[in-house]
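This report looks at the fold, a surface patch and the charged pairs of one protein. Please read it alongside the sequence and the coordinates shown here.

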Amino acid sequence: MLKGKEFGQAIDAAITLKIESGGARSKAEIARHFKVQPPSLSDWVKKGSIAKERLPDLWAYFADVVGPEHWGLTTKEWPSGLSSSAAGRHSRHVPESTLPWPLKKATPERIRALTPAQQRQVDDALDVMLRGFEAEGK
């Protein structure tokens, strides 16, 4: 499982994906879900830690936008209570792990080597291109 700064970045990315997917309207709404004030949510990101007993709720809440690999877990490490609910609820942001990576030049390794800010830039650029292709298909 991710720890420290990497875990904080994973929380931040999951928050962004949740909002972008329409699963939440704002960080304040996410904070309300966890029954904390927005500054506490910011602390989770900044410090990269939350109370251990909150982890299952964190994983379950974001399971519609990220899977176990996002948190540095394997499918075997994923809590059994979450595996069935998370398995069928992949969003457009989470590729099916059984499918081969379709891009030849933008490999997962190259993407992971980027900073989180650079990853967001690549994601934004791809999103613009994909939206254009999708619009052409309509």
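Phe133 is found in helix H7, which covers residues 116–136; helices (H or I, at least four residues) and strands (E, at least two) are DSSP runs, numbered from the N terminus. Phe133 also contributes to a nonpolar surface patch of about 570 Å², together with Trp101, Leu103, Leu126, Met129 and Leu130. Such patches are made of residues with over 30% relative accessible area and no salt bridge, with nonpolar side chains (Val, Leu, Ile, Met, Phe, Trp, Tyr) joined within 5 Å and like charges within 9 Å; accessible areas come from the Shrake-Rupley method with a 1.4 Å probe, and for residues only the protein chains shown count as cover.

## Basis of the model

The model is predicted, so local features need pLDDT of at least 70 and side-chain atom pairs count only at pLDDT 80 or more, whereas totals for chains, interfaces and linings use all residues. Residues are numbered from 1 along each chain as its sequence is written, and side-chain values use heavy atoms, with hydrogens and water left out.

## Overall fold

The protein has seven helices and zero strands.

## Salt bridges

Three salt bridges are found in the whole structure, each a side-chain nitrogen of Lys or Arg within 4 Å of a carboxyl oxygen of Asp or Glu. In one of them, Asp64 pairs with Lys18, with the closest N and O atoms 2.8 Å apart. This pair links distant parts of the chain, 46 residues apart, with Asp64 in the loop between helix H4 (55–62) and helix H5 (80–87) and Lys18 in helix H1 (residues 4–20).
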